[in-house]
Amino acid sequence: MGYWGTIVVARPDGLLSRVRELGFRDRWVRELGDGWQLLETTGWNDPPDLCGPSRELADSTEFPAFTAYVSDGSCAVISASVPGRTGALTHLWDTDGPCGAFTHSPDGKPEPAGRTVGAVADELREWAAAAGLTPDAARLHAVIAQDGERTDADDLVFALVKALGLPRIGRTLPWAFDIDTRPFRLVTDETFGLGLQARSRALRTDTPEAWVPATIALERDLWDALYDRDTDVDALAGRLLDVLDLYDDRDPSSEGGVLGELFPSLRDGTLNPDSPGNDRQWADGRATG
């Protein structure tokens, strides 16, 4: 499976995270130099509405903001906003018509309209100038036009960020705890985790069992705490045990509890072993300094 997620570039006061409308799983945060940061996040709205949150972020930081949503590494949409004005939702790649493969806007929101490469390049040069950056005009145009060999859309978004004139692409900032290891991945695992189950269950019923809201709240709090050095990790682990008890209470006849049902070989470590850090190594491969 290719890259899915939202990429945000802004100049915040503090850490660029918790841009709720764009996602809550704030996995990677990077320093770009001169106060600029880049966030990679995902959430429950696929695809998210980029334009509104992009302008709100620009208004709140009083600096331009750039957002992109990548669909399976195949294509993306972007919005480049400045305080008081929302950038157009633009499809990349290509720019000149609607996407034939993916939906790029939430229900009720218009899909990106076709635009020329020149119009997109002009808009992004103006955005960079408003941000106090000096873009590489030739490189910017080449990336938008996708000159050269076919490249994954997420790589092209990072190439676009560099062409806008940001000083560097930094390595990912360290976490307060490893959210990808046990016990936390019992909730946060994107394929098997209880968080995904709870959010799906909440959409299907108006009266969910007690484990559903407790799990949703814990999952969000885990991601909120990921970059907080004052995080009480033991308290979060204790809440996770409470959630597992609630999950087991929904069906007292279940043998082996949640561990036996969802992760039958967890005890011997053969299923979902602790993260070796490969995801971070891959992410840091994008760093330029």
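The entries below cover pockets, then the cavity.

I note that this is a predicted model, in which local features need pLDDT of at least 70 and side-chain atom pairs count only at pLDDT 80 or more, while totals for chains, interfaces and linings use all residues. Residues are numbered from 1 along each chain as its sequence is written, and side-chain values use heavy atoms, with hydrogens and water left out.

Entry 1, largest pocket. I looked for pockets (on a 1 Å grid over the protein atoms alone, open sets of points with protein on both sides within 12 Å along at least five of seven lines; lining residues have an atom within 4 Å of a point). The largest holds about 1200 Å³ of space, a volume being the space filled by probe spheres set on points joined across faces, edges and corners. Its lining has 36 residues, and those closest to its centre are M1, W4, R27, T42 and E190.

I find about 160 Å³ of space here, lined by W44, L196, R199, S200, A202, L203 and I216. Helix α6 gives the largest share of this lining, five residues (helices are DSSP runs of H or I, at least four residues, numbered from the N terminus).

I searched the whole structure and found one cavity of 30 Å³ or more (a set of points where a 1.4 Å probe fits but cannot get out). The largest cavity has about 40 Å³ of space and is lined by A80, V82, R85, E123, E126 and W127; helix α2 (residues 117–130) contributes the most, three residues.

Notes
Helix = DSSP H or I, 4+ residues; strand = E, 2+ residues; numbered from the N terminus.
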